[in-house]
Amino acid sequence: SFELSNIFRKVIKKKKEIATLEFNEEYMDNLRETLVVEPGDLPMISEPLKYDDKVIGGHYMNKILGSDLISGSISYQDHEVINRNNLYSAVNTINKIKFNINTDLFDYLKGEGQFLITDDGLTKEDIIKRDFTLKLADTYYSVYFYLPVSADWRGRLYVKCFYLNYQGNDLSAALLQFNEGEILNSKSGLKFFYVYGANLYGYEKIYKASLQDRIEWTEKNLKNILTMNKEFMLKAKDKFRFAAFCLALKKY
């Protein structure tokens, strides 16, 4: 057991008055052993409830918790939301999109691609997040699921699931794919897929180059991409999403 107040430490940056709370590295092992994630923060295997003026939708837990779609406080932020029906419509549409785990990537990371999972440069907090993300991916490996969103007073939408999240870090986004995708069946589609791969690799800021330069970069490196050369892969800016790109291109 440990004192709750010791999990965090207050950090004040130089020349800044605002203090931030950071996890105390000393207690990371305790957190790893006792980590609990509430059901409302996990992907849903049933379609989320629809929002309207009379029903609080989203996760089924919202029936009990009464969590509104929009976070924050009217009295504190002094904002008013109009056209709520438009917001409900957008959220309900997003909430019914089915996702699944990119099993090709997951299997690769568990096998020959283990070299991409390294603790180098990561804090204990980062390692816990990574390991928990992989554990969740393993749990949802063979089912499709939904990722409900919430809104803030500016109208911005945020995925409620903290670990499997297309708005999240490289690994979290890479492990997700649409359950109902589209077939890459045109030359122009393939070229834009080449552009996407170059963007993810990021060599010498290739993502700022012209579209044609990015296409040519991918064509030039096609052998390394298809063989997934270890030294080549480790230099990628977004290594997990780039690995997913390589696997998809190999399958194509």
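Student: How many aromatic pairs does the structure hold?
Tutor: Bear in mind that this is a predicted model, where local features need pLDDT of at least 70, side-chain atom pairs count only at pLDDT 80 or more, and totals for chains, interfaces and linings use all residues. Residues are numbered from 1 along each chain as its sequence is written, and side-chain values use heavy atoms, leaving out hydrogens and water. Rings of Phe, Tyr and Trp (its six-membered ring) pair if their centres lie within 6.5 Å; planes under 30 degrees apart count as stacked, over 60 as edge-to-face and the rest as tilted. By that rule, the number of aromatic pairs is 16.

Student: OK, what sort of pair do the rings of Phe99 and Phe178 make?
Tutor: Their centres are 5.5 Å apart. The planes meet at 25 degrees, so call the pair stacked.

Student: And how many residues apart are Phe99 and Phe178?
Tutor: Helices (H or I, at least four residues) and strands (E, at least two) are DSSP runs, numbered from the N terminus. Phe99 is in strand 3 and Phe178 in strand 6 (residues 176–178), so to speak a link between distant parts of the chain. The separation in residues is 79.

Student: Is Phe178 buried or exposed?
Tutor: Buried means under 20% relative accessible area, exposed over 50%, and partly exposed in between (1.4 Å probe, protein chains only). Phe178 has 53%, which makes it exposed.

Student: What about Phe106 and Tyr141: what kind of aromatic pair is that?
Tutor: The ring centres lie 5.7 Å apart. With 65 degrees between the planes, the pair is edge-to-face.

Student: Which parts does that pair tie together, and how far apart in sequence are they?
Tutor: Phe106 belongs to helix 5, while Tyr141 lies in the loop between helix 6 and strand 4 (149–151). Phe106 is buried at 5%, whereas Tyr141 is partly exposed at 30%.

Student: Where do the buried residues of helix 5 sit around its axis?
Tutor: In helix 5 (residues 103–110), the buried ones are Leu105, Phe106, Tyr108 and Leu109. The arc is taken from the directions from the helix axis to the C-beta atoms. Theirs spans only 160 degrees, so they share the same side of helix 5.

Student: What do the buried residues of helix 5 pack against?
Tutor: Contact here means heavy atoms within 4.5 Å. The partners are strand 3 (99–101), helix 6 (124–139), helix 7 (170–174) and helix 12 (239–251).

Student: Where is Met228, a non-glycine residue with positive phi?
Tutor: Its phi is near 50 degrees, and at 7% Met228 is buried. Glu204, with a positive phi of about 50 degrees too, is exposed at 65%. Met228 itself is found in the loop between helix 10 (222–227) and helix 11 (230–233).

Student: Last one: which side chain makes a polar contact with the side chain of Arg130?
Tutor: Arg130 is in helix 6 and counts as buried at 11%. A polar contact is a pair of N or O atoms within 3.5 Å; within protein, one must be able to donate a hydrogen and the other to accept it, and residues adjacent in sequence count only if both atoms are side-chain atoms. Setting aside residues up to four places away in sequence, Arg130 touches Ile117, Thr118, Asp119, Leu122 and Leu171. The polar partner, at 3.0 Å, is Asp131.
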